[in-house]
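Please examine the structure shown below.

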Amino acid sequence: MHRHHEPPYGDGEPATSEGMETPEVTALYALVAERLKLAHDRVHALNVSTEAKTALTRQLLIVTETAKRDLPGAARRLARFVQDLDEGHPPLG
């Protein structure tokens, strides 16, 4: 029996099958994209070192990459990131 294996890091395409994207998935993509933009703006406005901003931006880029293969996981990760910002302790690491 021949089994198709997907690459471990995805192929850059969303984790949904072509033609299978639902309005809910589309809405979640839009929400995550908007929240990522706002998080990037907040990081840019922080009064922290350039190194700290770079580290935080890298974390947001990881969320972006995660969204390509695990949209709900990316949304959860972004929510934790923003919660840490809201609580006054940026997630530096």
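## Helix α3

In this predicted model, helix α3 consists of 16 residues. The distance from its first C-alpha to its last is 22 Å, close to the 22 Å expected at 1.5 Å a residue.

Asp70 caps the N-terminal end of α3, with a side-chain oxygen placed 3.0 Å from the backbone nitrogen of Gly73. After α3 comes Gly88, which has a positive phi near 85 degrees.

## The buried side of α3

Which residues of α3 are buried? They are Leu71, Gly73, Ala74, Leu78, Phe81 and Leu85. These residues lie on the same side of α3, because they cover an arc of only 155 degrees around the axis. An α-helix has 3.6 residues a turn, so residues three or four places apart point the same way.

How many salt bridges does the structure hold? There are three salt bridges. Side chains of opposite charge can pair when their charged atoms come close.

One of the salt bridges joins the side chains of Arg42 and Asp86, with 2.7 Å from N to O. This pair links distant parts of the chain, since Arg42 belongs to helix α1 and Asp86 to helix α3 (residues 71–86), 44 residues apart. Arg42 is partly exposed, at 33% relative accessibility, whereas Asp86 is exposed, at 53%. Asp86 counts as exposed because the cut-off for that class is over 50% relative accessible area.

Asp41 and Lys37 form another salt bridge, in which the closest N and O atoms are 3.3 Å apart. Both residues are in helix α1 (residues 23–45); they are four residues apart, so about one helical turn separates them. Asp41 is partly exposed, with a relative accessible area of 40%. Lys37 is also partly exposed, with a value of 48%.

Glu65 pairs with Lys68 in a salt bridge whose closest N and O atoms are 3.0 Å apart. Are these two residues buried or partly exposed? Glu65 is partly exposed at 41% relative accessibility, and Lys68 is partly exposed with a relative accessible area of 32%.

Methods: Residues are numbered from 1 along each chain as its sequence is written. This is a predicted model: local features need pLDDT of at least 70, side-chain atom pairs count only at pLDDT 80 or more; totals for chains, interfaces and linings use all residues. Side-chain values use heavy atoms; hydrogens and water are left out. A salt bridge is a side-chain nitrogen of Lys or Arg within 4 Å of a carboxyl oxygen of Asp or Glu. Helices (H or I, at least four residues) and strands (E, at least two) are DSSP runs, numbered from the N terminus. Buried means under 20% relative accessible area, exposed over 50%, partly exposed in between (1.4 Å probe, protein chains only). The expected span of a helix is 1.5 Å times one less than its number of residues. The arc is that of the directions from the helix axis to the C-beta atoms. A polar contact is a pair of N or O atoms within 3.5 Å; within protein, one must be able to donate a hydrogen and the other to accept it, and residues adjacent in sequence count only if both atoms are side-chain atoms.
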